[in-house]
Amino acid sequence: MADIINPGNEGDLQAQIEEVEALSSIYGDEWCVVDEASRIFCIKITNDLEEPKLTACLQIILPPDYPSAAPPIYQINAAWLRGPERTKLANSLEDLYVEHVGESILYLWVEKIREFLVETSQSSDTVDQPEKVNMTAEEEMDDEDLPDYTTLKLNTENAHLFMDHADAEEVPPIKHGTSITDRRSTFQPHLAPVVTPRQVKMVLEKLYENKKIASATHNIYAYRIYCEDKHSFLQDCEDDGETAAGGRLLHLLQILDVRNVMVVVSRWYGGILLGPDRFKHINNCARNILVEEGYTASTDEAMKSGAKTKKPKSKKTK
C-alpha cells in the first residue's frame, strides 16, 4: 500500500485505513471506494432507509496529511441542495472539523449530513431527487500490502490497576454473539460491560476457562472505559497474534463512541488465508454484538430515528 499512496506520515496513513475500514463496517454497501490509490471515497446518505425522501452523495478525497494537519476534500452531490441551504450545511461541516481538528472526522460528517437531511425533509413536502452516482467496487489488498500497525499499549502508570485487589469483584456478565464463517475460518464476538481494567482481566480469565475459546487461534480484544473524574477514556487493545486487528477494533469502538464496554473476537483459523477480509469479519462481528446489546444503534435505526450523533470524547490512551 505504501508504494501506491504518498502519505504525509505513517500515522496519517494508519489512521486513514482504520477509519475507512470502520466506516465500511458501519455503513456496508452505502460506503464505496471510488479509487483506493487516490484515496477517493463516497457514501450515499438518505434521510430514511425505507422511504428516502432526500438523498445526497458525499464524495471525499483524503489528503496525505489527513487527519493530523489537513481536512478531507469533499463535494456534496445533491440536485435539490442549493444556495443558502448548501452554505449552511458546508458551514456546519467546517465547524465540526474545527472542533475536532486532528481527529478522524468522516463519521461525524456523515451523521451531520443525515441529520440535515432529516430536518430538511420534515420542513419540505416536495423536492427533486438527485441522479444516482455510479460507484466502483472496493479494490482488494494483499496481506503484504497492509501496513504494520502498532497496537496501543496501556501506559505503565496504569499498570497497577490490573493487579489483584483484596476487595472481591464479580465477573461482569459476558454475552456471546453470532459467529461468522468464511472459508473454514470462524469468527465469534463476546461482549462484557467493564468499568475498571481489573474487570477487563477478569473477563479474559473467564473466557479462557472455556476450552473452545481458549483454543482459538486468536482472541482479539479492545475496550473503552470512561473516567468521569478526568473526562477522558482509558482504552487499550490486543492483537493476540493477528497483526493490526486490535488497533482496528479499538478504532471502531472510538468511531461508534461506545464506553464502558469490552469486545473480544475469537478467530479459529481454517487453513485458508482470508487476506483483508479477516479484518472485515472481525469488525462486523464486533459491530453486530454492540448493536444487539444496545451500545449503538444499527444503521437502519439511526436513519429512521434521525437521532443526533453524539460527539466523541477524548481519544487519549492512558
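E209 is exposed, with a relative accessible area of 57%; exposed means over 50% relative accessible area, buried under 20% and partly exposed in between, with a 1.4 Å probe and protein chains only. The side chain of E209 meets that of K206 in a salt bridge (3.4 Å, N to O), a term for a side-chain nitrogen of Lys or Arg within 4 Å of a carboxyl oxygen of Asp or Glu. This is a predicted model, in which local features need pLDDT of at least 70, side-chain atom pairs count only at pLDDT 80 or more, and totals for chains, interfaces and linings use all residues. Residues are numbered from 1 along each chain as its sequence is written, and side-chain values use heavy atoms, with hydrogens and water left out.

**Confidence**

- The protein chain has a mean pLDDT of 77, and 75% of its residues reach 70 or more; pLDDT is the predictor's confidence in each residue, from 0 to 100.
- Over residues 1-7 pLDDT stays under 50, and the model has 12 contacts beyond four places in sequence for them, a contact being heavy atoms within 4.5 Å.
- Residues 125-167 also have pLDDT under 50 throughout, and for them the model has 72 contacts beyond four places in sequence.

**Salt bridges**

- The structure holds 11 salt bridges.
- K206, the partner of E209, is partly exposed at a relative accessible area of 41%.
- Salt bridges that share partners join D182, R183, D277 and K280 into one network.
- Because E115 and K112 are 3 residues apart in helix 3, about one helical turn separates them.
- E115 is buried at 13% relative accessible area, while K112 is partly exposed at 24%.

**Nonpolar cores**

- The largest nonpolar core has 57 residues, and W31 and L106 have the most contacts inside it; such a core is a set of buried Ala, Val, Leu, Ile, Met, Phe, Trp, Tyr and Cys residues joined through side-chain atoms within 4.5 Å.
- Helix 3 (residues 106-123) gives the most to this core, with 8 residues; helices (H or I, at least four residues) and strands (E, at least two) are DSSP runs, numbered from the N terminus.
- Not counting residues up to four places away in sequence, L106 touches E19, L23, W31, I60, L62, Y66 and P72.
- Another core, of 15 residues, lies apart from it and includes V203, L204, C227 and V264.

**Helix 4**

- Helix 4 (residues 197-208) has 12 residues and reaches 17 Å from its first C-alpha to its last, close to the 16 Å expected at 1.5 Å a residue; the expected span is 1.5 Å times one less than the number of residues.
- Its buried residues are P197, R198, Q199, V200, M202, V203, L204 and L207.
- These buried residues pack against elements including strand 7 (185-193), helix 5 (211-214) and strand 8 (218-227).

**The loop around D239**

- D239 lies in the loop between strand 9 (232-238) and helix 6 (245-256).
- D239 counts as buried, at 9% relative accessibility.
- The side chain of D239 reaches the backbone nitrogen of A245 at 3.4 Å.
- A polar atom of the D239 side chain also lies 2.6 Å from the backbone nitrogen of G246.

Note on methods. A polar contact is a pair of N or O atoms within 3.5 Å; within protein, one must be able to donate a hydrogen and the other to accept it, and residues adjacent in sequence count only if both atoms are side-chain atoms.
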